[in-house]
Amino acid sequence: MSLSQADRKLIENSIRDIKDFPKEGIVFKDITTLLNNKVAYQTLMNHLEDRYKSYNLDYVAGIDSRGFIFGAALADRLGIGFVPVRKKGKLPATTVCEKYELEYGYDEVEIHLDAFPKKNPRVLLIDDLLATGGTANAASKLIKHVNADLVEVCFLLNLTFLNGAKKVKEHAPIYSILEI
Ligand code: AMP
């Protein structure tokens with residue numbers, strides 16, 4: 001079911017802009033004010049549950065770290081498992097790793113090689129925000145690398161002017177709740 005205009009506004013208005021964080025020129029979308037607003041948070045989670053309950057998913061994978069919050073809550077609502085895609089050096093068992101370019105330098109994300117115990121699982125990937133798409137693109141590659149079927153990539157917010165969707169939709173369809 002699609003989100004009503006009023007519910008979309010409620011979610012949008014609960015996210016605050018912090019100028020010049022973490023550095024000058026960046027407008028940081030702060031979702032802590034969504035999470036501490038029980039009406040906005042529940043409206044969002046109700047919508048995600050409603051959308052994905054018919055997708056026949058086996059796992060929700062979330063991107064470090066804000067993707068964990070929504071991803072783990074959604075997995076629990078759907079009665080399925082949650083898998084973290086983490087920044088390099090945080091996962092204890094054998095991992096596969098994917099490097100991606102940042103404005104200055106590189107970053108890396110990784111996933112456990114045995115992250116999905118079920119064979120050929122149907123997986124939803126989720127993060128709070130799509131900017132240049134580097135992170136979600138790398139996470140998508142990892143999920144496919146461990147032989148999962150990436151069904152969709154979901155974002156709360158898509159900063160469309162950065163064109164990140166171009167990279168990510170090569171892997172799977174994208175669903176973003178809010179577009180800026
Ligand atoms: P990117 O790889 O450029 O698509 O960046 C996406 C990742 O960086 C996500 O995990 C976001 O949480 C974070 N991020 C990037 N830009 C912002 C922003 N303006 N506000 C909040 N988070 C951001």
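Predicted model: local features only at pLDDT ≥ 70, side-chain atom pairs only at ≥ 80, totals over all residues.
View 1. Cys97 is partly exposed, and its relative accessible area is 33%. Cys154 has a relative accessibility of 1% and counts as buried because the limit for that word is under 20%.

View 2. Seven strands make up an open sheet with mixed pairing, and their order is β5-β6-β4-β3-β7-β8-β9. The edges are formed by β5 (95-101) and β9 (174-179), each of which pairs on one side only. On average, neighbouring strands in this sheet are turned by 20° against each other, with direction ignored.

**View 3. Strand β6 and its partners.** Strand β6 covers residues 106-112 and runs antiparallel to β5, to which seven bridges join it. Which residue stands opposite Tyr106 of β6? That residue is Glu101. Another facing pair is Thr95 and His112, the latter in β6. Between β5 and β6 lie four residues, and the two strands form a hairpin. Gly105, in the turn, has a positive phi of about 90°. Strand β4 is also antiparallel to β6, and two bridges join them. Here Arg86 stands opposite Glu110 of β6.

View 4. Helix α3 (residues 38-52) lies across β7 (122-130), β8 (149-158) and β9, and runs at about 155° to β9. With 15 residues, α3 reaches 21 Å from its first C-alpha to its last, close to the 21 Å expected at 1.5 Å a residue. The buried residues of α3 are Ala40, Thr43, Leu44, Met45, His47, Leu48 and Tyr52. A helix has 3.6 residues a turn, so residues three or four places apart point the same way. The buried residues of α3 pack against the helices α1 (5-14), α2 (32-35) and α4, and against the strands β7, β8 and β9. Helix α4 (residues 66-78) lies across β3 (59-63), β4 (81-87), β7 and β8; its angle to β7 is about 140°.

View 5. Helix α5 consists of 12 residues, 134-145. Its span from first C-alpha to last is 17 Å, close to the 16 Å expected at 1.5 Å a residue. Among the buried residues of α5 are Gly134, Asn137, Ala138, Leu142 and Ile143. Just after α5, Asn147 has a positive phi of about 65°.

**View 6. The largest nonpolar core.** Nonpolar side chains in soluble globular proteins tend to be buried together. The largest nonpolar core here has 27 residues, of which Val85, Ile111, Phe116, Leu125 and Ile143 touch the most other members. At least two residues of this core come from each of β3, β4, β5, β6, β7, α5, β8 and α6 (165-168). Which element gives the most to this core? Helix α5 does, with five residues. Another core lies apart from this one and has 25 residues, including Ala75, Leu157, Tyr175 and Leu178.

**View 7. The surroundings of Leu125.** Not counting residues up to four places away in sequence, Leu125 touches Ala61, Ile63 and Val85, among others. Its contacts also include Ala136, Ala139, Ser140 and Ile143, four residues that are buried in α5. Leu150, Glu152, Val153 and Cys154 are touched by Leu125 too.

How values were computed
Residues numbered from 1 in each chain as written. Heavy atoms only, no water. Buried < 20%, exposed > 50% of the residue type's maximum accessible area, 1.4 Å probe, protein only. Expected span 1.5 Å × (residues − 1). Pairing = 2+ DSSP bridges. Axes fitted to C-alpha atoms, helices over the stretch in contact; angles between N-to-C directions. Contact = heavy atoms within 4.5 Å. Core = buried A, V, L, I, M, F, W, Y, C linked by side-chain atoms within 4.5 Å.
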